[in-house]
Amino acid sequence: MNPPIVISAPTEHPVGRHGSQPFIAADVGGTHARLGLVHVRPGGKVDVLAYHRYACAEFPSLAAIIDDFAKTHGADRTHVVVAIAGRLEGDTLINANLPWPVSLERTRREAGVAYFALLNDFEAVACAMPYIDVAAMTRVCGPLQAGDGPALVLGPGTGFGASLCLPRTLQQGVPLRVLASEAGHAALAVGTPREIALLGRLLQRWPHVDNERVLSGPGLVNTYTALCELDGVAPRLDSPESIAAAAQAGSDVQALESLRLFCSLLGSLAGDLAVTFGADAVYLAGGIPAQIRPFLLESDFAARFRNKGVLGEVLARVPVWLVDHGQLGLVGAAAWYYERHSGF
C-alpha cells in the first residue's frame, strides 16, 4: 500500500500526552474484520475495551461493519482507524481477497465517521510489535536476542502480508517508521526439483505465480491440488483447514507434502527478505503459522531460512519469532494513530 490515507471532517483528535479518549480501531482481512473500542494510555499501551470479530462476507460493505460495531457497543464513531490489506489507488483500495470494494470517502460517509484513517494491515502489525510481550512469542530459530537493526514482519493468512520496521530514532516525537510492502505479489522462488515441478504446474494456471499463490490459505489449496495432479490422484480436500488438519494427522500424503512445502518455502522467502533488507529479527504473524505451530517448529523452515550461501552464517544470528496474538493488527492500528497524534 502507498502512504496511509486520512479522510476527515474538521474535528479534534482524541489523543494527547495524557492518553486517548476511546476510539474505534479495526483490522480488516479477506475473511474477518476485527474491530475494537480502544483506549491508549500514555506511552502507547493499548487497552481493548470492547471487541468483535465479523465475517466480512456476511456484510455488504466495510461501512456496514463499522456501523454495526458502533451501534452494538455504543462506540463513538468520530474517529476510526482501519488497518486493511491492499493498495490504494486514489480513493479506491485494490485488493484481491475482500468480498466488496472499498472507497475511502464513501466508507467515511456511509459509516457516519468524521475522521477516517486507512493504513496497510502489515504496517499496523509492525507498529504493534513494540507493545507485544515477548512471553506471547515462540522462538522458531536463531538466538534469543535480536540486534538493533530493521525487523521484518511476515504474515501468511488469507493473503500474504509483509512489512519492515525500521530502527526507532532517538528524536523525541518521531513515530516508529514502517515500510509496508507487497512482497506477497513478488514472484515465487523455488529451490528443489519438486518445487520446480509445482511451479510448472501452477504456471499452467497463471502467467505470474507470486508468493501468495502458495504462501496463504488459498495458496495451500493451490499447492495441494497441484500435487494431486502431479501424482495422478483425485483431491479429497478443498479447504486450508482440512488440508492442514490432514497433514498434521498424517492422513493424506499430498496434504502432508503441501504443508511441508509451505513451511520450506516460507523459510526460504523469510531468508530472502531478511538478506534483502538486512533484518536483525523476523516475526511471523498471520493466521496460519500459529495454527500449525508444532508442525512449523519441526519443519525445514529454519534450514531453508539459513540456506543463503555465504550469508548463511549471518542468518544463523537472526532470530525468528512466531507471534500468536489475535488482535495484533487492531492494536497496531491504534498504536499507529496514537504515535502520530499524541506528540509522545
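So, E13 gives the largest share of the lining of the largest cavity, three residues. A quick word on what we're looking at: this is a predicted model, where local features need pLDDT of at least 70, side-chain atom pairs count only at pLDDT 80 or more, and totals for chains, interfaces and linings use all residues. Residues are numbered from 1 along each chain as its sequence is written, and side-chain values use heavy atoms, with hydrogens and water left out.

Okay, cavities. By cavity I mean a set of points on a 1 Å grid over the protein atoms alone where a 1.4 Å probe fits but cannot get out, and lining residues have an atom within 4 Å of a point. Points are joined across faces, edges and corners, and volume is the space filled by probe spheres set on them. We have two cavities of 30 Å³ or more.

The largest has a volume of about 40 Å³. Its lining includes Leu-152, Leu-164, Ser-181 and Phe-277. Strand E13 (160-165), strand E14 (178-181) and helix H7 (253-277) are the elements that give two or more residues to that lining; these are DSSP runs, helices being H or I with at least four residues and strands E with at least two, numbered from the N terminus. Seven of the lining residues are nonpolar, two are polar and none is charged. Here Ala, Val, Leu, Ile, Met, Phe, Trp, Tyr, Cys and Pro count as nonpolar, Asp, Glu, Lys and Arg as charged, and the others, Gly among them, as polar.

The second largest cavity holds about 30 Å³ of space. Its lining has four nonpolar, two polar and one charged residues, and Asp-272 is one of the residues lining it.

What does Asp-272 form with Lys-308? A salt bridge, with the closest N and O atoms 2.6 Å apart. Asp-272 sits in helix H7 and Lys-308 in the loop between helix H10 (301-306) and helix H11 (312-315), so the pair ties together parts 36 residues apart in sequence. Lys-308 counts as buried at 18% relative accessibility, while Asp-272 is partly exposed at 28%. Buried is under 20% relative accessible area, exposed over 50%, partly exposed in between (1.4 Å probe, protein chains only).

For salt bridges, the rule is a side-chain nitrogen of Lys or Arg within 4 Å of a carboxyl oxygen of Asp or Glu, and the count comes to eleven. Another one pairs Arg-194 with Asp-231 at 3.0 Å, N to O.

How values were computed
1 Å grid on protein atoms, 1.4 Å probe; cavity = no way out; pocket = protein on both sides within 12 Å on 5 of 7 lines; lining within 4 Å.
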